[in-house]
Every structure is written in C-alpha cells, then in structure tokens.
Amino acid sequence: MLTALYPATCVGCGLLLRAAPEARALPLCTACLPEAVPLAPEARTVAGCTALFAYEGPLAAAITRLKFGGDAAVAGPLARLLADGIATTPSLAEAGPWDLLVPIPLHPLRALARGFDQVVLLTTWLRRTWPVGLPPEHRPRLLRRVRRTTPQTALDGQERRRNLRGAFAARAPEALRDRRILLVDDVTTTGATLEAGRAALLEAGAAAVVGLALLRALP
Ligand SMILES: [Zn+2]
C-alpha cells in the first residue's frame with residue numbers, strides 16, 4: 001500500500017529508486033545517501049527543540065524543492081523521516097504521547113502567494129504515517145501568525161527572538177486546554193520560531209508543548 005503512496009524517487013535529486021522506498025532507511029539514492037547528515041540522538045534536542053538532520057545536502061535540497069519548487073511529492077518521504085525520528089529519538093519517545101499535532105503556520109499572505117503551506121503538507125503526511133500508538137489529532141489551524149515577521153535568515157539569535165515575540169496566537173484556547181501538543185516546523189536554526197509558537201500555546205492553556213523540526217541549520 002505504501003508503495004502506491006510514496007513515489008519511488010530520491011528526495012534529494014529526483015532519481016528513480018530501484019528498491020521500494022519503505023524498504024530503505026532513507027528515501028535517498030546511493031549518491032545522495034552519504035550526504036544526508038543525521039544528528040546524533042543525544043545532539044538532537046537543544047533548548048527544548050528537537051531536530052533530526054543537519055540542514056545541508058540532499059535533505060536541504062528536498063526542502064527547497066518542496067518550499068520553492070512546489071514539489072509536493074517529497075512531502076510524504078520527508079514526513080516519514082519525521083515519523084522515524086519520533087520513534088527513535090529518546091527525548092521524543094519519553095515526551096509523548098501527544099493529543100494534538102500542530103504545524104508552525106506560514107503567514108496567510110505568504111501561504112497565499114505560495115499556494116500551499118509546506119509544513120501542513122508535512123504534518124498531514126506525518127499523521128498518516130504516525131509511528132507509535134494512536135496518532136494525535138491534526139490541528140493545522142490552531143496556531144496563527146498575528147503579524148508578518150522579517151525573514152529570519154537576516155537576523156541573529158537575539159534579533160530572531162525579538163522579531164518573533166507575539167508573532168503567534170492560539171485560535172481556539174478551549175481546544176488545547178490541558179492538551180499535550182507536538183509542534184512541527186520544517187527547518188529550525190536557533191529554535192526561536194518553535195519557541196515563540198510554543199509560548200503562545202502554553203499561554204493559551206496547553207499542558208505541554210514539544211517542538212520538532214526536520215532539519216537544523218548549524219551555525
Ligand atoms: Zn539522489
């Protein structure tokens with residue numbers, strides 16, 4: 001069944017894969033595979049935010065294709081990496097189970113310009129391929145951006161935090177009161193975005209919020 005859902009292509013370069021993707025540890029061809037850098041399980045969690053791979057090589061290329069190339073076919077295989085990470089990262093295994101799965105939202109104007117929200121694609125697939133126990137409820141509209149922020153790449157850590165203060169608000173506090181939430185983003189650098197989203201959810205009454213990104217841009 002999964003073979004029909006996942007395209008049997010390398011997410012890094014688009015090359016057709018010979019073995020079924022679910023039989024492989026990573027949805028990558030033999031040329032791209034050695035270039036993907038998984039973070040060591042003990043190095044994945046920094047300041048309460050967990051990331052699974054370094055932001056470089058074929059997985060960075062896959063995120064770029066998803067985000068700016070509109071190549072939605074890589075979302076499923078990338079979500080499978082998130083699912084594997086949830087199953088294999090001790091800090092995440094200990095923090096679960098979660099009631100709700102919430103993506104970090106794009107600003108609505110940016111989503112409108114792009115035509116889709118790549119993190120929602122990832123969390124949609126993640127819920128479908130949930131690795132352990134009952135999948136959490138997918139709530140892509142629970143968190144919203146209340147103002148447009150300067151693109152983070154131009155800013156340093158402290159400026160990022162300032163830029164993001166008050167950037168998010170919870171839309172339905174009654175839906176998240178006392179719930180345990182897994183908050184997901186595609187790429188993190190300092191963790192400032194996940195941290196700002198986490199603060200908004202906790203402020204609205206969530207019992208616990210864990211931040212998870214697929215890739216971490218290393219300084
Ligand atoms: Zn490849």
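Sheet first: I looked up the strand order in this predicted model. I find an open sheet of six strands, ordered β1-β2-β8-β7-β3-β4, and the pairing is mixed.

Next I checked β7 against β8. How many bridges join β7 to β8? I get eight, between residues 180-188 of β7 and residues 208-216 of β8, and the two strands run parallel.

Helix α2 (residues 57-67) lies across β2 (49-54), β7 and β8. I have α2 running at about 105 degrees to β8. Helix α9 (residues 192-203) also lies across β2, β7 and β8, and I have its direction at about 160 degrees to β7.

Last entry, helix on helix. The two things to write down for a packed pair are the angle between the axes and the distance between them. For α7 (residues 157-164) against α9, I noted an angle of about 35 degrees and axes 9 Å apart. Is the α7 and α9 crossing left-handed or right-handed? I logged the crossing as right-handed.

Which residues meet there? From α7 I listed G157, R160, R161 and L164, and from α9 I listed A192, T193 and A196. Sorted by class, this α7 with α9 contact comes out as three nonpolar, two polar and two charged residues.

Technical notes: Residues are numbered from 1 along each chain as its sequence is written. This is a predicted model: local features need pLDDT of at least 70, side-chain atom pairs count only at pLDDT 80 or more; totals for chains, interfaces and linings use all residues. Two strands pair if DSSP finds at least two bridges between them. Helices (H or I, at least four residues) and strands (E, at least two) are DSSP runs, numbered from the N terminus. Two residues are in contact if their C-beta atoms, placed from the backbone, lie within 7 Å. Axes are lines fitted to C-alpha atoms, for helices over the stretch in contact, and angles run from 0 to 180 degrees between N-to-C directions. A crossing is left-handed if the near helix is turned anticlockwise from the far one by less than a right angle, and right-handed if clockwise. Ala, Val, Leu, Ile, Met, Phe, Trp, Tyr, Cys and Pro count as nonpolar, Asp, Glu, Lys and Arg as charged, and the others, Gly among them, as polar.
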